[in-house]
Amino acid sequence: MTTAWAHGVVGDYVFLEPIITQDPTPANELDILQPSWVKTRDANNYAVGFSVEKVLYVDDDYMPRFSVGGGSNWSHSSPYQGPSLQGFDDLTMFAKYAFYYSLKHEFLMSIAAQLQLPTGNTDVEAQSHTSLGPVFLWEKGFGDLPNYSLLKYLRPFGIQSDFGYVPALGGQTSHHMFADAVLEYSLPYLSNNVQDIGLKWPFRNLFLFNEINYDQLITGPSGQTFPHLVATPGMAYVSYHFELAVATQFALNNASGPDTHAAVLGLLDIFYDSLIPKLGNWTINKGFGE
């Protein structure tokens, strides 16, 4: 079998690759370009991220169940006063296992182990010690809602979410905690599974989404940093071979306001198993799928 496994498919629902929220579905993909610009109270911050993920195990129904991956980013900070800082950030690696899914209910749950290595420039990397911890992820499409009246127009909604707790393994006690959720509306699902309202390319391939992103560094038993809470609304174009997304950010609490005066984030994600299916679809238990 050399047909590419469509990205993020659970039942009839194709989930997008979020900007910040981690994707619960094991997948073959290359986030080749993740540019961002964030204006804070003190500086303009630019970054270009990149990551790769490879499915290593599929079940008898050819549903991806286990994958590994990793990534990093290059950052440049231009403060309004003082010299600029730039360099590579931490290297993050993960192993992800989808332990339950229901194709009928377009529902999947997975768990991942996330390892963060301080291999970058000490002036820009988030942590100065190796960190390791679990991440719980899940996603649900609304396609099992009744297909009648106005209720059917809720069926293209989907939600993806993660929660992670990644403590440092040495040095000063440092615990990174984060939680994200993205609510998306799939115009492809609307056209193909609910009602064709006459959308033409490229609108027929668009997803509208909004992420809620929480991030906090808990340091030691006596204190912690303030929580960083933002909304990340955007739009994504998803084809068989790639996804192109753009978003902005808005602060949702006072602590996030100084760090989010303005922001533009992007993503170019390549589904490489659709371009090189024989190599991309190789797994430990199925070989090259032939």
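How many aromatic pairs does the count come to? The count for this predicted model comes to nine aromatic pairs.

**Aromatic pairs**

- One of the pairs joins Y13 and Y189, whose ring centres are 5.2 Å apart; their planes stand at 35°, so the pair is tilted.
- Y13 belongs to strand β2 (residues 13–14) and Y189 to helix α1, so this pair ties together parts that lie 176 residues apart in sequence.
- Y13 is buried, at a relative accessible area of 0%, and Y189 is buried too, at 3%.
- Another tilted pair is that of Y237 and F242, with ring centres 5.8 Å apart and planes at 35°.
- Y237 counts as buried at 16% relative accessibility, because the cut-off for buried is under 20%.
- F242, at 29% relative accessibility, counts as partly exposed.
- Y13 and Y189 also belong to a cluster: ring pairs link Y13, F15 and Y189.

**Nonpolar cores**

- In soluble globular proteins, nonpolar side chains tend to be buried together.
- The largest nonpolar core here has 28 residues, of which L16, I19, L108, F207, F209, A236 and V238 touch the most other members.
- Two or more residues of this core come from each of the elements β7 (91–102), β11 (174–186), α1 (187–194), β12 (206–219), β13 (228–238), β14 (242–247) and β16 (262–270).
- Helix α1 gives the largest share of this core, four residues.
- Leaving aside residues up to four places away in sequence, I19 touches Q34, F209, E211, A245, A247, L265, G266 and L267.
- Another core, of five residues, lies apart from the largest one; A112, V135, L137 and F178 are among its members.

- Strand β3 (residues 29–39) runs antiparallel to β4, and nine bridges join the two.
- Within this pairing, W37 has Y46 of β4 as its bridge partner.
- β3 and β4 form a hairpin, with three residues between the strands.
- β4 also pairs with β5, in the antiparallel sense and over 15 bridges.

- Y62 sits in the loop between β4 (43–58) and β5 (64–79).
- Phi of Y62 is near 60°, which is positive in a residue other than glycine.
- Y62 counts as partly exposed, with 27% relative accessibility.
- K286 lies over the face of the Y62 ring, at 4.9 Å from the ring centre.

**Other backbone features**

- Most residues other than glycine have a negative phi, and most peptide bonds are trans.
- S149, not a glycine, has a positive phi of about 50°.
- The loop that holds S149 runs between β9 (131–141) and β10 (157–167).
- S149 is exposed, at a relative accessible area of 53%.
- The peptide bond from W201 to P202 is cis, with omega near 5°.

**F88 in strand β6**

- F88 is part of strand β6 (residues 85–88).
- At 44% relative accessibility, F88 counts as partly exposed.
- F88 and P118 are 30 residues apart in sequence, and their C-alpha atoms are 9.8 Å apart in space.

Technical notes: Residues numbered from 1 in each chain as written. Predicted model: local features only at pLDDT ≥ 70, side-chain atom pairs only at ≥ 80, totals over all residues. Heavy atoms only, no water. Core = buried A, V, L, I, M, F, W, Y, C linked by side-chain atoms within 4.5 Å. Buried < 20%, exposed > 50% of the residue type's maximum accessible area, 1.4 Å probe, protein only. Contact = heavy atoms within 4.5 Å. Phe/Tyr/Trp six-rings, centres within 6.5 Å; stacked < 30°, edge-to-face > 60°. Lys NZ or Arg CZ within 6 Å of the ring centre and 35° of its normal. Pairing = 2+ DSSP bridges.
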